[in-house]
Amino acid sequence: MIRVFYGADTFRSREAFRSARKQVADQAGAPVVLLRDEALTPVSLHTVASGQTLFSASPPLAVERLTAFSGAHGTSIAQMLRTFPRRRMLLVWEEGVPNVQGVVWKALKTAGKLEEFAPLSEAHVRSWVLTKLDGTGRTLESAAAETLIERGGTDLWRLSSELEK
């Protein structure tokens, strides 16, 4: 199964991706192999995706920014995605909204379950701030919460950083 986390709200898509990795690791009883940055190459992806030993099942796999590949590499990855075994777990995080014309995105769209994270409205941001604070046991006066949202807008990365201070 392929799950894809993406959208303009990179904070929530990133949190969902991390949560899914933890859940998959707990269910599998094995760590999730994470490929990103320099470790993510078409060769490394194919190696880990097809890797199964005689004595153990293939580990769950997570990748970041897969749609960055194009050309021959993109075509190779798209083919691998189209034939990815349904019994295996592949988690994909894309930063922002991918190029919908890209060959890798088209393959992900066909083979995967897409989970889009659109920006929250101001009303939902207020609720998000209160929920975030509730989890820490701290409180924030209404006027302070309004000021925080006025200054931070709907940028959850910025708001989260301010709430941690």
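Start by selecting Leu133, Arg138, Thr139, Leu140, Ala144, Thr147, Leu148, Arg151, Gly152, Arg158, Glu162 and Leu163: together they line the largest pocket. A pocket here is an open set of points on a 1 Å grid over the protein atoms alone, where a 1.4 Å probe fits and protein lies on both sides within 12 Å along at least five of seven lines; lining residues have an atom within 4 Å of a point. About 170 Å³ of space lies inside the pocket, counting the space filled by probe spheres set on the points, which are joined across faces, edges and corners.

Before moving on, a word on what you're looking at. This is a predicted model, in which local features need pLDDT of at least 70 and side-chain atom pairs count only at pLDDT 80 or more, while totals for chains, interfaces and linings use all residues. Residues are numbered from 1 along each chain as its sequence is written, and side-chain values use heavy atoms, with hydrogens and water left out.

Two elements give two or more residues to the lining: α6 (142-152) and α7 (156-164). The largest share, five residues, comes from α6. Colour by class instead and you get five nonpolar, three polar and four charged residues (Ala, Val, Leu, Ile, Met, Phe, Trp, Tyr, Cys and Pro count as nonpolar, Asp, Glu, Lys and Arg as charged, and the others, Gly among them, as polar).

Stay with these two helices. How do α6 and α7 pack? Their axes are 9 Å apart, at an angle of about 140° (axes are lines fitted to C-alpha atoms, for helices over the stretch in contact, and angles run from 0 to 180 degrees between N-to-C directions). That makes α6 oblique to α7; under 35 degrees counts as roughly parallel, over 145 as roughly antiparallel, 65 to 115 as roughly perpendicular and the rest as oblique. Select Leu148, Ile149, Arg151 and Gly152 in α6, which meet Arg158, Leu159, Glu162 and Leu163 in α7; contact means heavy atoms within 4.5 Å.

Show Thr10, Phe11, Arg12 and Arg14 on the α1 side and Leu156, Trp157 and Ser160 on the α7 side.

Next, go to helix α2 (residues 42-50) and helix α3 (residues 71-82), whose axes come within 10 Å and cross at roughly 15°. That makes α2 roughly parallel to α3. Pro42, Leu45, His46 and Ala49 of α2 make the contact with His73, Ser76, Ile77 and Met80 of α3. By class, that's five nonpolar, three polar and no charged residues.

Two loops come next. Most residues other than glycine have a negative phi. Asp37, in the loop between β2 (33-35) and α2, has a positive phi of about 50° although it is not a glycine. Arg65 has a positive phi too, near 60°, and lies in the loop between β3 (61-64) and α3.

Finally, zoom out. The chain has seven helices and five strands (DSSP runs numbered from the N terminus: helices are H or I, at least four residues, and strands E, at least two). From the N terminus on, they run β-α-β-α-β-α-β-α-β-α-α-α. Along its principal axes, the C-alpha trace spans about 60 × 35 × 25 Å.
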